[in-house]
Amino acid sequence: MASSLFIANGRLVRADAGDALTPGGVLVDGDVIAMVALTPDEQAAARARSGEVVDAAGAIVMPGLVNAHYHSYSTLLKGTQNGLPLEPWALYTVAYGKVLGDEAIRLAVLLGAAEMLRNGVTACVDHFPHTRWVESALAAHEASGMRVAFAPFMQDVLDHEFLEIALPPAIRATLDAAPRTDAAEAERMYRELVRRWHGRAGRITLALGPNAFQRCSPRLVATWRRLGDELRLPVHTHLVETWAQAARGRAVWPGGTVAEMARRGLLNERLSLAHGIWLESDEHELLARHGVTIVHNPASNLMLGSGRLALPTLIERAVPLALGTDSSNTGGRHSLFEVMRLALMLPRPETPDPRSWPGANRVLGMATTGGARALGLAGALGRIERGQRADLVLLDPRTAALAGAPTTVPHLVQHASAEAVTAVMVNGTWVLRDGRILAFDEGAVIERVLGVTTELLAQARAGVELAEAAAPYFLTRETPAV
Ligand SMILES: [Zn+2]
């Protein structure tokens, strides 16, 4: 079989092998793992079946990492406002986002893909605000070689309305003029995108991307529920990222935001929620019962001062979990190695019993099988096992950061970074090898980004002035100590 490839002499990261890595090889046939070859007999059989043998020469072979909360447009917004809490910060990202356009979105998607592939990230959930540029974004995702669940926003309630922020009339009038999703139009868009893009290249999934429950009117929520149920799409949205959002949710809906989402029939296994920092105990229970995934974004949450997810509690309650990097202009790097380390470390100071600290295997599971669930690929992606989609990352253990005692999963999670990533395969196709991205011309993308970004962001001047005028009014709410 010419299309099959045997990656021989690897050290495999296998979910059922505990902390140890397993010497062996992986036979990839088409877009799936056809065989995991551990014994000499199995390896001989895999070689015999393969059209091509790649000698991994002791490289670590791990499942591709899934960035389960990400906004591609933000990769062009590095260096913009990142010194404020979420609500005032959002005014700036909206201002800059508005000026991008189709070509900039194409560049943003590919630039983000380059950064992620170099960090061993093979798939992302792209939570995408600018519905007028969805075609360029999707075309760029297809060209990137990555796997994506693409979740265009819907939103028709603005933060100052939900949070009842008192604003001078002129500022309010300008903010009120922002575009809002029309439910009927959104429905047309999703149906059309699903028809044209869902399943394209075996890598693209359409998802519904309401910005947040509280940012959708009852009419839009009804569209969300109906379309999600009918088309069986993954749904991705933000949830109680700040204390103000959670407090207001508890004030307007009995039991808070999650209880209201449950009453509207929105909680199910297709739903993933970014953040969830300010959830309360009864809400954890509801999410666990419905199999809803929480996507933990520790770097973003720290940078915006939003708070810290109660990770050990969520683990104890068996809430499905994934990891995300969020925006370049919040969390910074799109490195799940960094995010995994933060997820490991952050709970420790406030969790006296070390047996409740999340372990390396747990956080790696969040970044692989947990993320697969958010993509709508639960059970089909995230493990090195026969029948799984072939999204694989090879890491060189002979790098300064990784070299040491025999590598284990804790060793890998603690020390791996982009410098160790030598090859990346998505859906059975190499997209990065020997340190070079094969799927697209990374150098040309970077040159073009450097050529256009400064001028592009300068076009946001009027929007940024509005953000500067409005931001102080969005700063009035305090976050209590965790
Ligand atoms: Zn986000």
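Before anything else, what I call helices (H or I, at least four residues) and strands (E, at least two) are DSSP runs, numbered from the N terminus. With that in hand, here's one to start: His 275 lies in strand β12. Its phi is near 90 degrees, which is a positive value in a residue other than glycine.

Quick housekeeping. What you're looking at is a predicted model, where local features need pLDDT of at least 70, side-chain atom pairs count only at pLDDT 80 or more, and totals for chains, interfaces and linings use all residues. Residues are numbered from 1 along each chain as its sequence is written.

Back to His 275: is it buried or exposed? I call a residue buried if 20 or more other C-beta atoms lie within 10 Å of its own, exposed if 12 or fewer, and partly exposed in between, with the C-beta atoms placed from the backbone. His 275 has 28 C-beta neighbours inside 10 Å, so it counts as buried. Arg 232 sits in the loop between α8 (218-231) and β11, and with 10 other C-beta atoms within 10 Å it is exposed.

Okay, the whole protein. We've got 18 helices and 18 strands. The C-alpha trace spans about 75 × 50 × 45 Å along its principal axes. As for contacts, two residues are in contact if their C-beta atoms, placed from the backbone, lie within 7 Å. Among contacts with a separation of 6 or more, 76% are between residues 24 or more positions apart.

Next, domains. The bounds come from an automatic or database domain assignment, and that gives domain 1 as 4-63 plus 389-437, and domain 2 as 65-374. Their centres, over C-alpha atoms, are 30 Å apart. Where they touch, 21 residues of domain 1 are in contact with 23 residues of domain 2. Which elements of domain 1 each supply at least two residues to that side? They include α16 (409-415), β16 (421-426) and β17 (429-433), and α16 gives the largest share, 4 residues. By type, the domain 1 side divides into 14 nonpolar, 4 polar and 3 charged.

On to the strands at the start of the chain. I say two strands pair if DSSP finds at least two bridges between them. Strand β1 (residues 4-12) and strand β2 (residues 22-29) run antiparallel, joined by 7 bridges, and Ser 4 stands opposite Asp 29 in β2. β2 also pairs with β3 (residues 32-37), again in the antiparallel sense, over 5 bridges. There, Val 32 in β3 is the bridge partner of Asp 29. That hairpin has 2 residues between the strands, and Gly 30 takes a positive phi near 65 degrees.

Now the sheet that His 275's strand belongs to. It's an open sheet of 4 strands with parallel pairing, in the order β11-β12-β13-β14. β11 (235-239) and β14 (321-323) are at the edges with a single partner strand each, so one side of each has no neighbour in the sheet. On average, neighbouring strands are turned by 30 degrees against each other, direction ignored. For angles, axes are lines fitted to C-alpha atoms, for helices over the stretch in contact, and values run from 0 to 180 degrees between N-to-C directions. β13 (residues 293-296) and β14 pair over 3 bridges, and Ile 294 stands opposite Leu 321 in β14. Lying across β11, β12, β13 and β14 is helix α15 (residues 360-374), which runs at about 105 degrees to β14.

Among the buried ones are Phe 337, Met 340 and Arg 341. In α9 (residues 243-252), the buried residues are Ala 244, Gln 245, Ala 246, Arg 248 and Gly 249. They pack against α2 (86-98), α5 (159-162) and α10 (257-263).

How values were computed
Nonpolar A, V, L, I, M, F, W, Y, C, P; charged D, E, K, R; others polar.
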